[in-house]
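Trainee: I would like to learn how to read the features of a model such as this one. Could we begin with the aromatic rings?

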Amino acid sequence: MNFDGILFFPVTPFGAAGAIDHDLLAQHVSTGVEAGAGGVFPACGTGEYHALSAAEASSVVATAVQAVNGRVPVVAGSGGTLGHAIEVARAASDAGADALLVLPPYLVGGPQAGLVAYVEAIAAASDLPVIIYHRGNAQYSVDSVRRLAANPKVVGFKDGVGDLAVAQLVVRAVAETGRDFAFFNGLLTAELTQAAYRGIGMPLYSSAAFAMIPEVANAFYRAYVDGDEARREQILDGFYTPLVALRDETPGFGVSLIKAGLRIGGLPVGSVRAPLVDPTPDQEARLAAILEAGRALL
C-alpha cells in the first residue's frame, strides 16, 4: 500500500430514523478522495466503529470500497470483541478492502502475549494485511511489536498513546527487522503533534479535520510536506489550536465536532450515537466561527 496524502477517516452518516445513510456515505467518501486523500479508513474511530453492529460496519466498508473504486487504499476498522472483529475482518476482505486497522479489544486488558494473540487471530481470519493501533487497552510493548513485525501480514503501526520515547523505540525495533512498515501518528487532531512524530520516523498521520474541512487540512499538509514552517504554524495557531480547545471541553468531541462541522457545511450526516453526544448550540456556533477562521487563512 502506498499512502500518498492525508489519511481520511470518514464519518458514518445516520438518517433521521438512525439507520446508516449509504448514499450520503458514498458521497462523503468520494468527496474526500477527490480532495486528495491518500487513503480511506471507513468504520474506524471517526466512523463510530464502537457503535456499529458487525453487519453495519461491514456495510460501511462495502460502500466505501465502491465509492473509492480503487483510487486509493481502503483500510477497514476491525476490533472490539474478538468474534465481532473476525466477522468484520472477513466481510472487509469480501468487500475488497486493502487492509485492516486493528482497534483495541473490548473492555478487558490482557498481558502482552494476549494482545499479540489478539492481533494474530484477526490477521489469520482473512487474507488482508493488518495495521496495529497502539491505544487505550491495547498498548503494545516494543518486544510485542517486534514479534508482530515478524508476521508478514502485520504491515503497520498507528500510535494513539503519545509516548514519543516508546514510539521511537518501536520504529527502531521494526527497522532492525528490515521490514517495510507503515507508521502513523494516530493521536486526536494529529496535526498538533505531527512535527514531533516526523522527527522520530513516523511521517504519516490521520486527520479527522480533513473529513469536515479538507481545504484547510490540505493547506496544512502542503506546508508540512514542503517544510514551510511559518505557514504550518499560522494554520496551527489560527485553526487547530482553537479547535483542540473546543474538542477538549467534552469527551468524544474528536468525533462529535467532525459530524457537527459537516452539518454546518450542509452535509446532513446526522447525530453521533451514544455514548457520544452532539455539541450544544453554543459549542456549535463556536465551531462555525473556528471553521470560518480556518477558511480565512486560505
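Mentor: Rings of Phe, Tyr and Trp pair if their centres lie within 6.5 Å; planes under 30 degrees apart count as stacked, over 60 as edge-to-face and the rest as tilted. Please keep in mind that this is a predicted model. The structure holds twelve aromatic pairs by that criterion.

Trainee: How many degrees separate the planes of phenylalanine 181 and phenylalanine 183, and where do these residues stand, buried or exposed?

Mentor: The planes of phenylalanine 181 and phenylalanine 183 make an angle of 50°, with 5.6 Å centre to centre, and the pair is tilted. Phenylalanine 181 and phenylalanine 183 are both buried. A further case is tyrosine 221 with tyrosine 224: the planes are at 45° and the centres 6.2 Å apart, so this pair is tilted. Helix α9 holds both tyrosine 221 and tyrosine 224, which are three residues apart, about one turn of the helix. Tyrosine 224 has a relative accessible area of 4% and is buried.

Trainee: Which residues form one aromatic cluster?

Mentor: Phe3, Phe9, Phe41 and Phe184 form one such cluster. A ring may also have a charge over its face: lysine 158 lies over tyrosine 133 in this way, at 4.4 Å from the ring centre.

Trainee: Let us turn to charged side chains. How many salt bridges does a search of the whole structure find?

Mentor: Side chains of opposite charge can pair when their charged atoms come close. In this structure the search finds 13 salt bridges. One of them joins arginine 71 to glutamate 34, with the closest N and O atoms 4.0 Å apart. Glutamate 34 lies in helix α1 and arginine 71 in the loop between α2 and β3, so the pair ties together parts that are 37 residues apart in sequence. Arginine 71 is partly exposed at 42% relative accessibility, whereas glutamate 34, at 59%, is exposed.

Trainee: What N to O distance belongs to the salt bridge of arginine 286 and glutamate 249?

Mentor: The distance is 2.7 Å for arginine 286 and glutamate 249. This pair links distant parts of the chain, 37 residues apart, with arginine 286 in helix α12 and glutamate 249 in the loop between α10 and α11. Arginine 286 is partly exposed, at 33%, and glutamate 249 is partly exposed, at 39%. Consider also arginine 263 and glutamate 284, which form a salt bridge with the closest N and O atoms 3.7 Å apart. Arginine 263 belongs to helix α11 and glutamate 284 to helix α12, so the pair ties together parts that are 21 residues apart in sequence. Salt bridges with shared partners also join Asp143, Arg146 and Glu176 into one network.

Trainee: How should I read the backbone, and which residues other than glycine have a positive phi?

Mentor: Most residues other than glycine have a negative phi, and most peptide bonds are trans. Alanine 43 is placed in the loop between β2 and α2 and counts as buried, at 1% relative accessibility. Asparagine 69 likewise has a positive phi, of about 55°. Asparagine 69 lies in the loop between α2 and β3 and is exposed, with a relative accessible area of 62%.

Trainee: Where does the chain hold a cis peptide bond?

Mentor: The bond from alanine 274 to proline 275 is cis, with omega near 15°. Proline 275 is in the loop between α11 and α12.

Trainee: Finally, what volume does the largest pocket have, and how many residues line the pocket?

Mentor: The largest pocket has a volume of about 970 Å³. Its lining comprises 42 residues, and Gly45, Thr46, His50, Leu103 and Arg135 lie nearest the centre. Helix α11 gives the most to this lining, with five residues. By class, the lining of the largest pocket has 22 nonpolar, 15 polar and five charged residues.

Trainee: What is the volume of the second largest pocket?

Mentor: The second largest pocket has a volume of about 230 Å³. It is lined by 16 residues, and Thr31, Ala211, Met212, Pro214 and Leu262 are the closest to its centre. The largest share of that lining comes from α1, with four residues.

Notes: Residues numbered from 1 in each chain as written. Predicted model: local features only at pLDDT ≥ 70, side-chain atom pairs only at ≥ 80, totals over all residues. Heavy atoms only, no water. 1 Å grid on protein atoms, 1.4 Å probe; cavity = no way out; pocket = protein on both sides within 12 Å on 5 of 7 lines; lining within 4 Å. Points joined across faces, edges and corners; volume = space filled by probe spheres on them. Helix = DSSP H or I, 4+ residues; strand = E, 2+ residues; numbered from the N terminus. Nonpolar A, V, L, I, M, F, W, Y, C, P; charged D, E, K, R; others polar. Phe/Tyr/Trp six-rings, centres within 6.5 Å; stacked < 30°, edge-to-face > 60°. Buried < 20%, exposed > 50% of the residue type's maximum accessible area, 1.4 Å probe, protein only. Lys NZ or Arg CZ within 6 Å of the ring centre and 35° of its normal.
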